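Please look over the sequence and the model below before reading on.

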Amino acid sequence: MARCYNFATSRFSGEINKYHRHVAVLCLNFCLILLSSVEAGLYTESDQIIALSPDNVKSVLVNSSSAIVVEFYASWCGHCISFSPVYKGLARDIREWNPAVDLAAIDCADENNRKVCTSFGIRGFPTVKFFHAYGREDSAGETFTGLPHDVRALRHLIVDRMEKHQDPWPPACPPLEPTSQAEIDIFLETNNVRHLALIFEDASSYIGREVTLDLLQFENIAVRRVLSTEKDLVNKLGVTEFPSCYLYYPGGNFTRLKVNIEARTFYSYALQGLPGVVRSGKPVLAATDHISTHAEELWRPFNRSRVYMADLESMLHYSLRVELASHPVITGEALTSLRKYISVLAKYFPGRPMLMNLLKTLNSWLQAQTGDQVSYQAFSEILENSAQAPDAALPEGVRWVACQGSQPHLRRYPCGVWTLFHILTVQAKKADGSDPMEVLSAMTGYISNFFGCRPCAEHFKNMAAESLSQVNTFTDSILWLWSRHNRVNNRIAGALSEDPDFPKIQWPPPDMCADCHTVKDNGDHKWNNQKVLTFLGDYYSVERILTDYLEDESEVLAKQKAKRARMQQILEAQKRVEREAKEALKLNRPRPMQDMVEEEEEEEEVVANEEDDVAAAARVEGKTLEPTPWAAGAEAKPGSDRRQNARRPSIVGMKVRDTQEDIVDLDSFVNQHFKAKAAEMVTTNRVKQRTLQRKREERDAGPGAGLGVAVLDPDASSDEGARAQKRELSGRRGRWMSVLSIGFSKVDVSLCVILYFLSSMCLLAMYLFFKTRLRLRPAKLSVP
């Protein structure tokens with residue numbers, strides 16, 4: 001890889017030909033791919049392991065308030081690859097030990113980390129070192145010799161190293177040494193805790209110390225280890241079994257903690273569930289059956305061991321109406337994922353008849369789309385049953401029950417997503433589906449493309465890419481989703497998103513499925529996968545889904561019908577307004593061109609006949625009359641501006657600008673000006689019709705009538721004729737000026753002048769340049 005990179009970079013230095021350039025680019029891209037794979041290493045952020053680098057190694061290891069366990073590995077090393085699942089399992093197992101203990105790793109195969117690994121004396125891989133809290137800069141750590149490939153053994157090694165820590169003792173780490181009766185009495189007097197758990201065990205047992213670290217992040221409880229040799233406490237409490245756990249209270253009161261199996265996991269879970277015990281920084285919830293989660297929403301009591309249909313329908317409402325709505329156009333891979341998602345819902349969702357009818361209709365429509373994209377608007381129309389399929393509807397709004405949280409921003413939709421896909425995997429197995437990967441593939445596609453929390457989507461994609469290929473049966477599908485759900489719970493336990501009333505635990509807990517938990521020969525916890533599978537099949541069965549808090553189907557269908565009716569009324573009202581606006585606009589617009597041309601022809605014919613009559617009368621009496629004002633166009637008449645536009649001269653090769661039309665606001669026009677404008681137009685048309693009718697009557701009356709009108713006042717007609725002739729001459733001059741300026745504005749003329757000036761300057765500069773060059777060119781001398 002180094003040779004490849006050196007060759008690629010050397011190809012870019014100096015002048016190279018086209019062939020070498022292409023080879024260098026391809027080689028460099030290949031090297032970058034290799035480098036990126038090395039940088040990724042064997043661990044990701046979701047593994048809860050700190051990735052060390054030259055930039056952060058000192059800040060993590062030097063003077064740290066917590067102990068650090070570091071794995072030095074090489075990403076190409078086969079043993080490192082085999083050890084990585086063990087190290088990831090260790091990170092999940094001791095997650096609650098933070099901040100007393102942190103896990104880190106560094107890839108020594110990365111050339112950037114070579115100096116760091118060399119400074120710690122790393123010569124082989126994998127190497128695991130333990131760094132005590134408050135370590136010095138020159139500390140090389142303690143190497144785990146004979147590195148075990150077992151989480152339990154690694155956990156014990158860590159506990160042993162922590163006990164050997166010298167002063168100052170890390171403030172985040174509780175005391176791990178055994179306690180006595182005298183120390184317990186002092187402890188209760190000096191510490192304000194609600195519960196003190198005493199774990200009685202043999203000296204070789206690690207359960208007491210491990211449980212102490214497991215409860216490190218929890219308040220209102222303290223855990224102490226008591227050896228079987230501490231006779232005073234053993235006799236006082238009557239302890240006969242080792243290990244065993246007792247709750248000790250002030251005044252000498254005590255009670256034994258009841259668990260299914262006397263093991264670390266069962267102790268930790270039982271103690272975390274005691275009244276008042278909460279994770280550090282989380283508020284203690286009041287014991288009440290009515291918790292206000294919103295100003296208008298009350299707590300809905302529910303059975304924690306059952307699934308509620310209200311949660312499933314609420315999840316579909318948010319998914320289909322809210323989350324998908326953020327994608328106006330769905331195309332490519334997202335469209336394929338949407339088809340798979342709707343398909344598995346139509347096949348395996350155990351919904352009510354009206355919802356199943358809608359899902360089947362939606363699936364049929366979506367599968368029938370042949371294009372490469374679908375708009376959410378079209379999808380929404382089918383979702384809202386615009387086609388009016390019989391008895392098909394999805395209830396609107398959310399009614400969280402088992403997924404409700406103590407606060408409006410906790411649980412809810414993410415809980416609904418997990419619940420839905422758990423049910424789909426179980427139902428796919430019971431329905432004897434053909435593809436074990438069908439539901440998981442649909443879930444992965446939906447979360448990758450549509451789930452709103454993008455970091456959550458990336459984490460899920462990483463989990464799917466890591467192990468989804470191992471799913472071969474429907475049983476594998478159910479157990480894979482269950483194990484990944486527990487892994488996510490482990491990762492986000494203690495985060496701000498954790499509901500204090502519903503802590504993130506490994507599910508199902510012992511009190512829900514005691515048979516699902518067992519222990520290995522060494523006393524470590526182990527899941528009984530067969531019992532877990534039986535429990536999941538029963539818990540997510542259709543028969544056990546409760547229908548409490550659901551809205552009746554008839555009410556949902558009636559609401560949907562009323563909503564469609566309202567939408568239809570709104571559409572009809574909009575169409576009516578548009579139609580009325582168009583009609584009103586027609587009244588305000590010029591009449592059709594055919595009617596306007598016919599009217600102009602009639603007016604011109606009347607004017608021409610009247611001019612001929614006047615001219616004939618003038619010749620009879622030997623007088624020359626000027627054109628009448630109305631014949632010269634001095635008076636403003638309706639449509640005169642349109643006639644002028646129609647008679648505008650045109651020049652070949654020039655584009656005559658169209659007359660700008662006023663933009664009319666239809667709504668304001670209809671509401672404010674419709675009646676007034678309509679009345680005005682009607683009045684104008686009537687006046688115009690009477691004028692034309694009068695002119696036709698005067699024309700039919702004969703030449704005398706027209707002559708009489710013209711010569712009643714010769715002086716007045718003469719003055720009016722002179723003024724009309726003057727206006728006609730000015731009009732002609734204006735028309736010629738408008739002809740010369742057609743197509744040009746002041747900006748156009750300005751640009752032409754500027755361009756002409758710049759071109760002149762450019763020509764002048766070129767002339768001076770060549771003139772100077774010719775003048776300075778030296779003469780060549782010829783030698784005989």
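The model is predicted, so local features need pLDDT of at least 70 and side-chain atom pairs count only at pLDDT 80 or more, while totals for chains, interfaces and linings use all residues. Residues are numbered from 1 along each chain as its sequence is written, and side-chain values use heavy atoms, with hydrogens and water left out. Helices (H or I, at least four residues) and strands (E, at least two) are DSSP runs, numbered from the N terminus.

Two packed helices are described by the angle between their axes and the distance between the axes. Helix H6 (residues 151–163) packs on helix H8 (residues 207–214) at about 85°, and the axes are 11 Å apart. H6 is therefore roughly perpendicular to H8 (angles of 65 to 115 degrees count as such). From H6, Arg155, His156, Val159, Asp160, Met162 and Glu163 meet Arg209, Glu210 and Leu213 of H8; contact means heavy atoms within 4.5 Å. Three of the contact residues are nonpolar, one is polar and five are charged.

In helix H14 (residues 376–383), the residues Tyr376, Phe379, Ser380, Ile382 and Leu383 are buried (under 20% relative accessible area, 1.4 Å probe, protein chains only). These residues lie on the same side of H14 because they cover an arc of only 160° around the axis. They pack against helices H11 (309–323), H12 (332–348) and H13 (353–368) and strand S14 (373–375). After H14 comes asparagine 385, with a positive phi near 60°.

Helix H20 (residues 553–588) has 36 residues and spans 53 Å from its first C-alpha to its last, close to the expected 52 Å. Its buried residues include Val556, Gln560 and Leu585.

Note on methods: The expected span of a helix is 1.5 Å times one less than its number of residues. Buried means under 20% relative accessible area, exposed over 50%, partly exposed in between (1.4 Å probe, protein chains only). The arc is that of the directions from the helix axis to the C-beta atoms. Axes are lines fitted to C-alpha atoms, for helices over the stretch in contact, and angles run from 0 to 180 degrees between N-to-C directions. Angles under 35 degrees count as roughly parallel, over 145 as roughly antiparallel, 65 to 115 as roughly perpendicular and the rest as oblique. Ala, Val, Leu, Ile, Met, Phe, Trp, Tyr, Cys and Pro count as nonpolar, Asp, Glu, Lys and Arg as charged, and the others, Gly among them, as polar.
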